[in-house]
Each structure stands twice: as structure tokens, then as C-alpha cells.
Amino acid sequence: MVLVTAAIAIVLVSVNVLWRPARNVITIVHEAGHALIAVLAGRRLAGIRLHSDTSGVTVSRGKPEGPGMVCTALAGYVAPSLLGLGFAALLGTDRVTAVLVVCAVLLFGVLIMIRNVYGVFSIVATGAVLFGVSWLASEEIQAAFAYLIAWFLLLGGLRPVAELQAKRRRGHARDSDADQLARLTGAPGFFWVGTFALVNLGAVLLAAGWLLL
């Protein structure tokens, strides 16, 4: 089951026609990462918007610079893979239900901060799938679904980083998280893209060791 769900996740991330709708899940977690760290850093969360092109934006109010803003900007691109790593840790101890509960709590937390119609639709549609599996499926299907979620978050966290750098090379992402971090810290945007990639790749390798061994 671990290998089969990993293979399915690879297909979801690699095949464009599947990746486009599936990427909405990555965007949800990306924006949730921004929102959580903003709150923990003492910023006031104003709202989250999810868009049909799979982009999103999280608005928080507070100091426009400093460690809190840096951490908030840093959180988005690493959130999916780090959440996947956490799920891998739970699955390593057979806590399938805990994975599904965390997913439900995350979706509810994002839902109450959503400020646009498509965002509500995206959260409700994702929640419906989660609810259907959690309440109607057998324990074996629930376990397979939990493993698929973990693998998809781990691997799905890598592709947006590559897409980000491709857009930056074409000059189409001047307000990206990496470029915001460059303005906040003075380190070049490519340094931050590399940081996202290293964190996410490290999460994949660590989680794979837990799940496959």
C-alpha cells in the first residue's frame, strides 16, 4: 500500500491534467502555513483568498518587516512538505485517524478565514472528499487515503518551487514569497527558492525513510 500510494502521488504531481485540480490542495496548505505562522508571530490575520488558477493570497496586518514577517513569508512553500512529514510520522505509528482529523481541522480553520467564493468552493469540495472517506470507507481505504495524502503533500511541495523559479526567470513573479523575502532580508530571491527546495527535499527523504523502512 505504501508503494502504490507513492506511485499514485507521483502520477498526480507529474501529469499536468491531474496536477492542475490537485494543486488546489497544495495551495490550501500553502496559505494555511502563511496564516498559522502569521498568527503565531503576533500578526492579525485578515483573510485568505483561493483562486481558480490555483494561486492564493493570505493577508495579515502588523509590522511590514522584522522576524515575524520573514517567518510568515517563509512558511508557505515549505508548509505542504512539512505537513506531509508530520503525517508520515503519524503513519509510522499507525495513527491513520489522527491524519484525517488534522486534515479536517486544517480545512475548517482555513474555511473560517476564506474571503472569496471560489475559496469556499475549493475548501468545501476538498472537505467533502475527506468526509466521504472518513465516514463511509473501510479502514483499509482510510489508511490508503491517509498514505496518499502524506505522499502527495511531500511530493506536491516540490513542484511549485520549480514552477516558482521558472516564473522568476521569465520575470513573472516579482511579488512572490521568494522576492518578498529578498526585499525583507537582502538575500537574493534565488537563495530563498533554494531554501524552499532543500527543506522540501529533506522532508521527502526523511519521510520516505520512515514510510518505506
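Aspartate 94 is found in the loop between H3 and H4. Keep in mind from here on that you are looking at a predicted model. With a relative accessible area of 66%, aspartate 94 is exposed. Its phi is near 60 degrees, a positive value in a residue other than glycine.

Threonine 54 also has a positive phi without being glycine, with a value near 75 degrees. You'll find threonine 54 in the loop between strand E1 (44–50) and E2. Is threonine 54 buried or exposed? Threonine 54 is buried, since its relative accessible area is 6%, and buried means under 20%.

One more loop residue to look up is serine 138, placed between H5 and H6. Serine 138 counts as partly exposed because its relative accessibility is 34%.

## The largest pocket

Now for the open spaces. The largest pocket has a volume of about 780 Å³. A total of 31 residues line the largest pocket, and those nearest its centre are His30, Glu31, Ser55, Gly56 and Tyr77. Two or more lining residues come from each of helix H2 (16–40), strand E2 (56–61), helix H3 (67–92), helix H7 (159–169) and helix H8 (177–185).

Which element gives the most to the lining of the largest pocket? That's H2, with nine residues. As for the kinds of residue, the lining of the largest pocket has eleven nonpolar, twelve polar and eight charged ones.

## The second largest pocket

The second largest pocket holds about 570 Å³ of space. Its lining is made of 24 residues, and Val25, Thr126, Val129, Phe145 and Phe152 lie nearest its centre. The elements giving two or more residues to this lining are H2, H3, H4, H5 and helix H6 (139–156). Here H5 gives the most, with seven residues.

How many charged residues are in the lining of the second largest pocket? There are no charged residues there; the lining has 21 nonpolar and three polar ones.

Phe108, Leu111, Ile112, Val120 and Val124 make a nonpolar surface patch of about 430 Å². Helix H4 (96–111) and helix H5 (117–136) each supply at least two of the patch residues.

Take valine 124 as one of the patch members. Valine 124 sits in helix H5, and it counts as partly exposed because its relative accessibility is 47%.

## Salt bridges

Side chains of opposite charge can pair when their charged atoms come close. How many salt bridges does the structure hold? It holds four. In one of them, the side chains of arginine 159 and glutamate 163 meet at 2.9 Å, N to O. These two are four residues apart in helix H7, so about one helical turn separates them. Arginine 159 is partly exposed at 22% relative accessibility, and glutamate 163 is partly exposed with a relative accessible area of 22%. Arg159 and Glu163 are also linked with Arg23 in a network of salt bridges.

Another salt bridge pairs aspartate 179 with arginine 168, with the closest N and O atoms 3.0 Å apart. Aspartate 179 lies in helix H8 and arginine 168 in helix H7, so this pair ties together parts that are eleven residues apart in sequence. Aspartate 179 is buried, with a relative accessible area of 15%. Aspartate 175 and arginine 183 form a salt bridge too, and their closest N and O atoms are 3.7 Å apart. Both aspartate 175 and arginine 183 are exposed.

## A proline in H7

Finally, find proline 160 in helix H7. Proline 160 counts as buried because its relative accessibility is 5%. How many residues apart in sequence are proline 160 and arginine 23? They are 137 residues apart in sequence, while in space the C-alpha to C-alpha distance is 8.8 Å. Arg23 is one of the residues in the salt-bridge network with Arg159 and Glu163.

Note on methods
Residues numbered from 1 in each chain as written. Predicted model: local features only at pLDDT ≥ 70, side-chain atom pairs only at ≥ 80, totals over all residues. Heavy atoms only, no water. Patch = residues over 30% accessible without salt bridge, like charges linked within 9 Å, V, L, I, M, F, W, Y side chains within 5 Å. Areas by Shrake-Rupley, 256 points an atom, 1.4 Å probe, with all protein chains shown as cover. Buried < 20%, exposed > 50% of the residue type's maximum accessible area, 1.4 Å probe, protein only. 1 Å grid on protein atoms, 1.4 Å probe; cavity = no way out; pocket = protein on both sides within 12 Å on 5 of 7 lines; lining within 4 Å. Points joined across faces, edges and corners; volume = space filled by probe spheres on them. Nonpolar A, V, L, I, M, F, W, Y, C, P; charged D, E, K, R; others polar.
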